[in-house]
There are 2 protein chains.
Amino acid sequence: MKTSSRSSKGAPEKCVYFFGGGKAEGTEDRKDLLGGKGARLHGMVRLGLPVPPGFTIATDVCRFFYAHSKSYPSNLATQVSSAARKLEKQMGRGFGSSNRPLLVSVRSGAPASMPGMMDTILNLGLNDETVEALAKESSDPRFAYDSYRRLISMYSDVVLGIPSGEFDNELENLKAERGVHEDFELSHEDLRALVERYKRLIALHNAKFPTDPWEQLWGAVGAVFSSWMNPRAITYRKLNDIPESWGTAVTVQAMVFGNTGDRSATGVAFTRDPSTGERRFFGEFLVNAQGEDVVAGIRTPNPINASSKNESNKDLATMEALMPRVYRQLVQVYKKLEKHYRDMQDIEFTVERGKLYMLQTRNGKRTAQAAVRIAVDMVRERLISKSEAILRIDPEQINQLLHPQIDSNAEKKVIARGLPASPGAATGQIVFDPDVAMDWVQNQKRKVILVRIETSPEDIHGMSVAQGILTARGGMTSHAAVVARGMGKCCVSGCGALSIDYSKREVRIGNSVYKEGELLSLDGGTGEVLLGEVPMIAAATDSFFQTLMSWVDQERRLAVRTNADTPADALVARKFGAEGIGLCRTEHMFFDPDRISAVRQMILADGEIARLDALKKILPMQRGDFYGIFAEMNGLPVTIRLLDPPLHEFIPHSQEDLAALAIQMEVPLDRLVRKADSLREFNPMLGHRGCRLGVSFPEIYRIQVQAIMEAACDLYLEKKWIALPEIMIPLVGDAKEFDFVAKLCREEADRVLKEYQLKVGKKIPIRYLVGSMIELPRAALMADEIAIGCEFFSFGTNDLTQTTYGLSRDDSGMFLKDYLSAKIFEKDPFVVLDQKGVGQLMILATQKGRSVRSAIKVGICGEHGGDPQSIAFCDELGLDYVSCSPFRVPIARLAAAQSHIRRRAASKKTNRRRAS
Amino acid sequence: MKTSSRSSKGAPEKCVYFFGGGKAEGTEDRKDLLGGKGARLHGMVRLGLPVPPGFTIATDVCRFFYAHSKSYPSNLATQVSSAARKLEKQMGRGFGSSNRPLLVSVRSGAPASMPGMMDTILNLGLNDETVEALAKESSDPRFAYDSYRRLISMYSDVVLGIPSGEFDNELENLKAERGVHEDFELSHEDLRALVERYKRLIALHNAKFPTDPWEQLWGAVGAVFSSWMNPRAITYRKLNDIPESWGTAVTVQAMVFGNTGDRSATGVAFTRDPSTGERRFFGEFLVNAQGEDVVAGIRTPNPINASSKNESNKDLATMEALMPRVYRQLVQVYKKLEKHYRDMQDIEFTVERGKLYMLQTRNGKRTAQAAVRIAVDMVRERLISKSEAILRIDPEQINQLLHPQIDSNAEKKVIARGLPASPGAATGQIVFDPDVAMDWVQNQKRKVILVRIETSPEDIHGMSVAQGILTARGGMTSHAAVVARGMGKCCVSGCGALSIDYSKREVRIGNSVYKEGELLSLDGGTGEVLLGEVPMIAAATDSFFQTLMSWVDQERRLAVRTNADTPADALVARKFGAEGIGLCRTEHMFFDPDRISAVRQMILADGEIARLDALKKILPMQRGDFYGIFAEMNGLPVTIRLLDPPLHEFIPHSQEDLAALAIQMEVPLDRLVRKADSLREFNPMLGHRGCRLGVSFPEIYRIQVQAIMEAACDLYLEKKWIALPEIMIPLVGDAKEFDFVAKLCREEADRVLKEYQLKVGKKIPIRYLVGSMIELPRAALMADEIAIGCEFFSFGTNDLTQTTYGLSRDDSGMFLKDYLSAKIFEKDPFVVLDQKGVGQLMILATQKGRSVRSAIKVGICGEHGGDPQSIAFCDELGLDYVSCSPFRVPIARLAAAQSHIRRRAASKKTNRRRAS
């Protein structure tokens with residue numbers, strides 16, 4: 001053992017915490033110090049439950065270990081010895097004793113659960129002498145040698161670094177020699193021989209298995225600390241936001257044995273059903289077995305009780321029947337645990353010769369459905385409050401309830417991995433062309449997956465009929481991702497492994513080629529691309545979900561709106577609880593195949609008159625669109641963003657399209673080509689788009705406002721339904737610019753209202769607002785000037801992130817991965833709002849805006865409006881609403897409630913601190 | 001006359017200021033109130049000079065006029081009557097008197113000079129009666145009727161709105177009828193008949209020339225106020241930054257007549273030579289003529305003295321000879337004026353029957369050369385201080401001294417107008433292709449103008465041999481503009497009227513077509529495109545200029561560096577006084593035709609090893625580039641920006657280029673095409689560029705740093721010259737990102753230094769800095785975090801403007817004109833720094849940076865670094881240096897000195913105010 005020769009700066013005074021004999025030095029609330037597993041062991045001892053004694057080496061030793069070139073604090077050795085002596089005494093056994101040897105397990109345990117990511121060693125303390133003692137004492141030499149060979153292979157793998165496969169080979173060879181199939185068919189002599197083979201194998205690697213139990217112990221402790229930085233653990237932490245600085249604890253615990261005959265057993269159980277949430281005790285166990293045997297699935301485990309029976313185990317005896325006394329004790333234990341921890345528990349137990357030992361309890365993992373049901377039930381059982389129930393649900397998990405999911409038991413052949421751009425799962429035939437997609441789906445009733453290098457507004461019709469969308473390029477906020485989320489449709493984007501050849505109608509992934517028509521499945525929650533058809537679980541919300549969401553709505557301050565561009569989207573969102581539309585994009589209305597040619601005529605027209613002609617064709621269509629949306633949202637506000645995309649995007653690409661258009665427009669082709677070329681841009685995101693269109697071509701915005709106001713008036717006159725249009729001007733960078741465009745919008749709106757008033761002889765009671773997107777840094781910087789003439793702000797955080805970082809979301813896929821892997825970015829800033837940078841601008845804009853217009857309505861309509869962390873930030877900033885895609889509305893409602901509850905709790909704490 | 005019926009809010013108490021009889025109610029320092037012309041008249045009266053009496057209606061009446069639907073303050077009429085009575089008394093004449101009629105002129109006069117932009121009416125007070133009185137009194141009926149017909153046509157044009165051309169036609173008809181050629185050949189009877197014809201003409205327009213002199217007066221006053229808002233005046237104000245709110249004054253002054261016989265005359269003079277600045281009294285005059293005759297050029301004016309003689313007037317008698325007494329008086333007057341106003345004066349005078357009257361004095365317009373000489377001379381004459389001399393020079397004017405200019409007397413045929421992107425003038429044959437340009441210039445010794453839709457780094461060789469560059473697209477900071485300014489070469493960019501057809505090798509402008517080889521001239525100072533060859537004036541700096549610049553350098557705090565990418569540029573800039581290089585771009589080093597293929601190999605290489613192979617080919621070339629630049633800048637800092645442009649820009653465009661590259665790289669063409677396609681970006685400006693390249697491909701930056709440090713070491717070892725490299729990391733958005741890249745730069749730099757130390761056995765005394773561009777809003781917002789590990793900041797205001805506004809400088813040309821004409825933008829923010837918006841971020845970044853590292857060096861290297869207004873802002877912000885293209889270095893030095901002088905004056909003022 002290496003202790004720090006350098007300064008012991010940061011060395012903890014107390015390194016080791018003992019538990020056992022009804023007392024524990026640690027407490028269950030010190031996960032940070034003892035790790036999750038350790039804290040719970042200390043807790044269970046304090047609860048008076050039967051737990052094998054042991055001690056925990058605290059996480060601060062791990063921190064010290066990494067801060068000091070993998071050495072230990074100088075006081076650690078003494079504290080470990082002293083704890084071990086206490087352990088020996090309580091167990092009435094000796095470490096390395098050739099009479100009654102003490103065996104221990106050494107387990108990792110981080111403050112946050114990292115299942116299977118770090119190392120564990122069991123049966124420590126065995127050597128050639130103690131194994132004989134164990135054999136004698138247990139009168140079971142097979143059990144003793146089986147434990148011994150397990151120790152050697154585990155230790156060699158974890159501490160000595162010899163691949164476990166080599167030990168498995170020896171075992172298989174031996175079984176072949178003996179002509180047996182199962183491990184348990186080997187005799188204790190066989191196992192003794194296996195131990196010798198294992199030792200020879202270790203020698204071949206120039207290593208040695210230590211016979212001194214103390215050396216075994218320190219080797220194991222060092223290996224567990226080292227496993228904190230193994231690649232698996234690093235990756236897991238990154239994926240789960242666990243800081244590296246937390247470190248792991250190590251728990252050394254006396255071994256108890258479920259494999260010492262028929263009065264022994266080992267098992268796992270859930271205090272409620274982890275997949276449905278039903279309130280029933282539920283588990284399985286194996287007689288005469290060690291814990292790993294249950295997990296390994298070598299034998300089919302028995303059900304612990306009648307309600308745990310299923311197809312495969314229904315004929316096996318239950319624990320209730322086989323060990324009624326121990327079972328009753330276990331039931332008492334689980335009830336105590338659930339009441340104490342006020343959550344569903346996942347427990348591990350061992351029965352050694354009729355005596356029950358609890359090895360672990362933790363809050364059980366569960367499906368989204370179970371999470372909701374358990375939370376709601378526990379409120380009804382008065383175990384937790386409504387606020388706690390709300391806080392227990394991970395907002396992202398709700399996606400599982402709203403979208404079909406790939407059956408987690410299904411076999412999957414993952415052929416590529418992209419970004420999990422829009423949740424859900426889908427199976428269908430590969431098509432590369434949106435028109436083919438339309439044809440196959442509508443005429444041939446097939447199901448398709450649309451596979452594209454990237455998507456553009458021209459692909460919308462294909463996207464809308466596809467089961468799912470797969471793209472080779474584009475990030476989490478690419479066109480494909482945003483549109484798919486809007487449609488509630490599964491999407492995997494930025495799947496760089498795809499090499500798509502449109503002309504050959506095939507996609508290459510590595511060395512395999514997949515043709516149009518082949519079956520593919522997508523998992524939009526993981527980003528996996530799967531070969532063939534994969535079984536799925538349908539989307540389902542139930543009454544528990546409805547109950548929870550009704551509590552959620554009582555607990556939040558922030559309103560939740562939706563981004564919806566069509567009446568269908570609006571309807572879905574309203575069902576999901578949207579309280580208005582925060583972003584109705586109008587460009588989709590221009591890209592419809594029926595309209596695009598009129599739109600192109602408008603753009604390529606020379607002069608205002610030709611443009612007005614083309615616009616007049618679009619007016620009735622737009623009016624119809626708005627009418628439908630206003631009807632669905634009757635009585636709720638609808639924020640309509642005037643035309644935003646770069647003119648560039650509307651320009652026909654192909655010579656054929658241009659030629660057709662020239663004929664329609666009756667202009668010479670070469671003039672049209674020249675005009676089209678002159679409109680192409682190098683950086684369309686920074687180009688002629690947003691309100692710049694309204695400045696250059698005021699007639700476009702006028703006609704949009706006309707359509708909006710006429711739709712609102714018609715709806716009122718026909719149905720007495722009330723539309724609340726909020727006209728939103730995109731890409732504003734300056735107050736004068738906003739004022740210029742807002743003026744023409746108000747002129748047009750008032751003109752329409754006056755016209756209707758004249759027509760029907762009374763005033764139409766439609767009120768409208770005119771507001772500004774805040775999506776450029778300059779808009780945030782000038783928000784005080786802009787707010788003077790502006791009735792609402794809406795943060796377009798996609799573009800704001802784009803310009804604040806100078807980072808194109810369409811192009812960033814190529815290098816963002818380098819940033820994530822170099823740890824420069826923790827998260828994709830297009831997914832999780834950059835509170836430090838972009839957030840500064842949002843704070844500035846909100847403060848400046850409210851400084852001149854205290855009641856200005858402020859919302860967010862970027863993709864971040866559906867991200868729980870970002871929603872919490874918006875809540876704290878005091879925004880009035882967030883807006884997100886329809887299928888994220890419930891998630892946003894939940895996240896908003898959670899933020900509000902947490903903030904209320906924090907402010908109570910602050911108040912209490914002040915009062916005291 | 002219409003007085004305000006509404007509230008008289010804002011009505012001035014005193015509207016009218018009288019001058020005459022040696023006394024003046026106004027003072028010369030109240031230009032704001034009396035207009036420039038008026039204030040000077042009041043001033044001259046106070047100086048005791050002979051000035052015809054009159055009165056000025058103040059500018060606040062003009063403001064009132066426009067604020068109250070073109071009506072007057074209610075007290076104006078009384079004040080005008082009373083002033084007019086005083087005037088009648090002083091002149092001993094009566095307004096409308098049929099005995100001794102008083103004639104007056106009514107002239108505009110704004111606080112800033114707006115020559116010829118507004119209206120003036122002379123000879124007011126004449127009608128059918130008073131003209132006879134004037135004829136009788138002057139015994140010169142021809143003079144009287146000539147004055148009368150002039151009044152009628154002028155009044156009709158200005159007040160009644162009848163085109164003056166129609167009156168000119170009548171005059172021409174009459175001359176034809178009489179068989180004469182010149183106006184003065186018409187008799188007084190002819191002129192009387194002409195007056196009648198004029199009246200009939202007016203009647204045909206359903207108008208009437210008022211016979212009441214008072215009516216004439218009010219009509220004229222109203223017309224002058226109205227002319228403040230005529231289109232010419234509006235345009236002129238916009239071009240010259242004159243606020244609309246200033247308004248114009250109106251001066252009503254008694255007429256004196258230079259056309260009352262041989263003892264009368266009229267003339268104009270400059271107190272020094274306005275084109276060279278030489279100290280000689282210089283002017284011309286006409287005997288028996290009115291002021292407009294001198295200007296109109298009908299007769300060749302006489303020189304006033306011997307030194308005013310030139311080719312065309314050398315045989316005419318001088319005023320000194322013809323009117324010696326009056327001339328001597330004039331000399332005394334001019335000396336008094338120059339001494340009083342301490343500047344070169346442009347004066348107008350009239351001699352009426354031997355009596356001298358001063359009609360106007362103003363600071364004379366002058367060429368850049370004259371401006372410098374006059375300022376330097378006046379310091380030597382102790383008329384002004386060095387600071388005043390410095391403040392007198394318009395920094396932009398210095399361009400005239402540094403670049404050839406189109407001769408202002410030349411005839412020009414303007415065929416199109418673009419942006420004045422890079423000053424100077426050029427003539428050459430049209431070529432459309434940079435290779436053709438090279439060939440024609442190098443092999444055929446022709447001079448060429450390179451005409452492109454836009455330029456890209458691949459065109460550099462063509463640009464470098466061309467006389468000038470003309471592009472159809474791109475703004476003031478487009479590639480063409482920036483590179484041309486760097487080369488000190490004339491460029492007109494964004495000339496939207498051009499429709500270029502590369503394949504036909506022709507450019508269409510309107511209906512005309514110009515082929516390759518045709519002669520074209522460019523004026524980079526005005527943006528004019530001219531047909532054929534146009535005479536030019538060569539660039540010239542003289543000893544006066546050197547003297548002035550030496551004073552400038554004593555007066556400034558801000559250092560001035562240059563943007564230079566080559567030893568040649570560095571040499572030019574150093575001659576112009578650059579104190580270092582603030583921006584050495586390295587991408588130009590990659591685009592060289594000799595290197596581009598190695599660069600492309602590097603980019604398209606799969607994996608680090610292939611990339612390193614390609615990079616190794618580039619290393620010695622880069623080292624050579626840096627060696628040359630360091631040698632030119634020996635002892636001065638050189639800021640080198642690591643590779644910045646989007647990878648996108650390096651990708652070969654054509655199939656041929658790709659095919660050739662595939663052969664060189666020995667990879668299959670289709671793989672290369674796929675790779676190239678995968679690198680193309682939608683918005684390259686926001687894409688894989690700047691330090692993102694250094695994160696993805698650290699080896700690129702490593703090799704650049706290696707080249708920099710090896711060049712510095714070699715230079716030291718070979719010549720003992722000291723390089724001061726400042727390694728600058730572009731497009732930083734986050735501290736972690738900067739730290740990541742800075743770390744690898746420092747590792748590499750230290751490695752090279754250590755290697756040299758080992759090689760030569762001693763330490764190489766080369767110190768280097770590593771710093772960050774601040775060119776993204778997020779960098780400004782996070783400047784405190786970035787500054788922790790960063791030794792300098794350099795504001796890249798081109799990109800910072802681009803991202804703050806979300807505005808592509810390459811694409812904004814298409815709609816920026818709409819913004820300027822709608823008055824949303826006052827200026828192109830790429831030309832004049834947006835202090836309100838972008839400036840906020842600069843202030844924030846500077847404060848945040850200095851809050852953690854007080855000595856951090858901060859500079860600016862965007863194009864704004866050469867703009868005087870922006871330089872003043874940088875000075876105020878306390879930046880350490882500005883950096884600009886070589887030819888703007890003198891301008892920047894001057895602007896920096898001016899800013900410093902102004903700030904010192906302002907702070908003295910504040911201190912005095914505090915002390916009192």
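# Setting values against definitions

Mentor: In this predicted model, Arg353(B) is partly exposed, with a relative accessible area of 37%.

Trainee: Why is Arg353(B) called partly exposed?

Mentor: Buried means under 20% and exposed means over 50%. Arg353(B) has 37%, so it belongs to the class in between.

Trainee: Where does Arg353(B) lie in chain B?

Mentor: Arg353(B) is in the loop that joins β10 (345-352) to β11 (355-363) of chain B. Its phi is positive, near 45 degrees, in a residue other than glycine.

Trainee: What is the phi of Asn123(A), and is that value positive or negative?

Mentor: Asn123(A) has a phi of about 65 degrees, which is positive although the residue is not a glycine. Asn123(A) belongs to strand β5 (residues 120-124) of chain A.

Trainee: Why does Asn123(A) count as buried?

Mentor: The relative accessibility of Asn123(A) is 1%.

Trainee: What makes Asn230(A) buried?

Mentor: The relative accessible area of Asn230(A) is 13%, which is under 20% and therefore counts as buried. Asn230(A) sits in the loop between α8 (213-227) and α9 (231-240) of chain A. A polar atom of its side chain lies 3.1 Å from the backbone nitrogen of Arg232(A).

Trainee: What share of the residues in chain A is buried?

Mentor: Of the 916 residues in chain A, 59% are buried. Chain A has 35 helices and 32 strands. Its C-alpha atoms fill a box of roughly 105 × 70 × 60 Å along the principal axes. Among the contacts in chain A with a separation of 6 or more, 69% are between residues 24 or more positions apart.

Trainee: How do you know what relation chain B has to chain A?

Mentor: Chain B superposes on chain A by a rotation of 180 degrees with 0.1 Å of shift along the axis, at an RMSD of 0.1 Å. That is the relation of a two-fold axis. In chain B, the C-alpha of Asn683(B) is the nearest to the axis, 2.2 Å from it. Both copies use the same surface: 100% of the contact residues of chain B recur in chain A.

Trainee: How many residues does each chain give to the contact, and what area do they bury?

Mentor: The contact takes 55 residues from chain B and 55 residues from chain A. The two chains bury about 5000 Å² between them, with 57% of it on carbon and sulfur atoms. On the side of chain B, Phe682(B), Leu686(B) and Arg778(B) lose the most area to chain A, together 14% of what that side buries.

Trainee: Why is the pair of Lys736(A) and Glu826(B) called a salt bridge?

Mentor: The closest N and O atoms of Lys736(A) and Glu826(B) are 3.3 Å apart. A salt bridge needs a side-chain nitrogen of Lys or Arg within 4 Å of a carboxyl oxygen of Asp or Glu, so this pair qualifies. The count between chain B and chain A is six salt bridges, and 32 residue pairs are in polar contact, both residues at pLDDT 80 or more.

Trainee: Which helices of chain B each supply at least two residues to the side that touches chain A?

Mentor: Among them are α25 (669-679), α28 (735-760) and α33 (838-852) of chain B. The residues on that side of chain B divide into 21 nonpolar, 13 polar and 21 charged.

Terms used. Residues numbered from 1 in each chain as written. Chains lettered and ligands numbered in written order. Heavy atoms only, no water. Contact = heavy atoms within 4.5 Å. Buried area = accessible area lost by both parts, 1.4 Å probe. Polar contact = N/O pair within 3.5 Å; in protein donor to acceptor, adjacent residues only side chain to side chain. Helix = DSSP H or I, 4+ residues; strand = E, 2+ residues; numbered from the N terminus. Nonpolar A, V, L, I, M, F, W, Y, C, P; charged D, E, K, R; others polar. Least-squares fit on C-alpha atoms with pLDDT ≥ 70 in both. Buried < 20%, exposed > 50% of the residue type's maximum accessible area, 1.4 Å probe, protein only.
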